[in-house]
Amino acid sequence: SDLPFQVNPYIKNQVPSEWKFTIEGENSQKSVIVGKSLVDQGYLPPLSGTYRFEFFYPNIKIFPAQGIYLNRIQEADKIYLNGVLVGETGNFEPYGKYSPNWYYKRLYYLPDSLLVRGGNNVIEIKIYYQNQTFPGGIFRSIPEIGNFELLQGNILREDGRDFCILMLFFGIGAYQIFSILLRKQPIANFFLFCSSICFVMWRIPLLNVTHLYSGLEFQSLLKIFFIFQTLFPVALLLFSYALFKDPLRLKEFILLLLISV
């Protein structure tokens, strides 16, 4: 259908998956599927381009705050509502020095003053990604638009689920401390404790609350993420060896050393 998608401002609306996409420097628009990576659709990095989505907003005087939830974007983005910048995450040329951020879940507020009531509205999302190993663009889910408060629930639920998993592993680590103190398989318990702490520290940077309240830059969170992601399997391997009291052989020691490095 050529008619724009109509938004119900009181709910969260999952928008159509087919959007328009224009590569920077080109004039032709092509259809792409949001929620599916740009790499899988033939757009290889490094790439700068613009997603475009049009929707109809009803003519109502009073309505709740509106927003759009884009989940994660790789790697940096700027979002415009009817030609006006309303949000951004990371940075890229020509707007400034390249600064990626693919951890942060994008939930952007759409100002009432910019929404055209009883008419069509246009959202444009400029993105840039250069990492060869990443999917690129809006890849994780189909965007949602509408009631800002309800859209916040997407982030709260995902953060809540991740937090429960983190606390489970933290509890395992705490239990191992008591086991070590009681001298029950202290070496094996120590490595299991290390693995649980590594898992917790590996996943913490993915929480939106970490970005909001830690005060750490993306690059610092990235270092924490990759360091503990690497140490986690090392700790599990050491736990397995300690549990069965099987001494490390030379080739296994070299393997652990290579993983750690």
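This is a predicted model: local features need pLDDT of at least 70, side-chain atom pairs count only at pLDDT 80 or more; totals for chains, interfaces and linings use all residues.

Biologist: Which other charged end sits over a ring, and how far is it from the centre?

Modeller: The charged end of Arg203 lies over the ring of Trp202, at 4.8 Å from its centre.

Biologist: How is a pair of aromatic rings described?

Modeller: Such a pair is described by two quantities, the distance of the centres and the angle of the planes. A search of the whole structure finds 23 aromatic pairs. One of them joins Phe92 and Tyr95 in an edge-to-face arrangement, with 5.4 Å from centre to centre and 85 degrees between the planes.

Biologist: Is Phe92 buried or exposed?

Modeller: Phe92 has a relative accessible area of 1% and is therefore buried. Tyr95, at 38% relative accessibility, counts as partly exposed.

Biologist: What geometry does the pair of Tyr103 and Phe225 have?

Modeller: Tyr103 and Phe225 form a tilted pair, 5.2 Å centre to centre, with 55 degrees between the planes. This pair links distant parts of the chain, since its members are 122 residues apart. Tyr103 belongs to the loop between strand 9 (84–89) and strand 10, whereas Phe225 belongs to helix 4 (residues 218–244). Tyr103 is buried, with a relative accessible area of 0%, and Phe225 counts as buried at 8%.

Biologist: Which residues form one aromatic cluster?

Modeller: The cluster consists of Phe5, Trp19, Phe21, Tyr43, Tyr51, Phe53 and Phe55.

Biologist: How many residues does the largest nonpolar core have?

Modeller: The largest nonpolar core has 28 residues. Those with the most contacts inside this core are Trp19, Leu38, Tyr51, Phe55, Ile68, Ile123 and Ile125. Several strands each supply at least two residues of the core, among them strand 3 (18–23), strand 6 (66–71) and strand 11 (119–129). Strand 5 gives the most, with five residues. A second, separate core of 15 residues includes Cys198, Val200, Leu221 and Leu222.

Biologist: What is Leu38 in contact with, leaving aside its neighbours within four places in sequence?

Modeller: With those neighbours left aside, the contacts of Leu38 include Phe21, Val32, Leu47, Tyr51, Ile127 and Gly137.

Biologist: Where is Leu47 found?

Modeller: Leu47 is found in strand 5. Leu47 is buried because its relative accessible area is 8%, and the cut-off for buried is under 20%. Not counting residues up to four places away in sequence, Leu47 touches Phe21, Ile23, Leu38, Ile127, Tyr128 and Tyr129. Leu47 and Gly137 are 90 residues apart in sequence, and their C-alpha atoms are 9.5 Å apart in space.

Biologist: Is Thr210 buried or exposed?

Modeller: Thr210 is buried, with a relative accessible area of 11%. This residue is in helix 3 (residues 208–213). Leaving aside neighbours within four places in sequence, Thr210 is in contact with Ile204, Pro205, Gly215 and Leu221.

Biologist: What shows where empty space is left?

Modeller: Rolling a probe the size of a water molecule over the atoms shows where empty space is left. Here the count comes to one cavity of 30 Å³ or more. The largest cavity has a volume of about 30 Å³.

Biologist: Which residues line the largest cavity?

Modeller: The lining is formed by Phe21, Thr22, Ile23, Glu26, Ser28, Lys30 and Tyr43. Strand 3 gives the most to this lining, with three residues.

Conventions. Residues are numbered from 1 along each chain as its sequence is written. Side-chain values use heavy atoms; hydrogens and water are left out. A nonpolar core is a set of buried Ala, Val, Leu, Ile, Met, Phe, Trp, Tyr and Cys residues joined through side-chain atoms within 4.5 Å. Buried means under 20% relative accessible area, exposed over 50%, partly exposed in between (1.4 Å probe, protein chains only). Helices (H or I, at least four residues) and strands (E, at least two) are DSSP runs, numbered from the N terminus. Contact means heavy atoms within 4.5 Å. Rings of Phe, Tyr and Trp (its six-membered ring) pair if their centres lie within 6.5 Å; planes under 30 degrees apart count as stacked, over 60 as edge-to-face and the rest as tilted. A charge sits over a ring if NZ of Lys or CZ of Arg is within 6 Å of the ring centre and within 35 degrees of the ring normal. On a 1 Å grid over the protein atoms alone, a cavity is a set of points where a 1.4 Å probe fits but cannot get out, and a pocket is an open set with protein on both sides within 12 Å along at least five of seven lines; lining residues have an atom within 4 Å of a point. Grid points are joined across faces, edges and corners, and a volume is the space filled by probe spheres set on the points.
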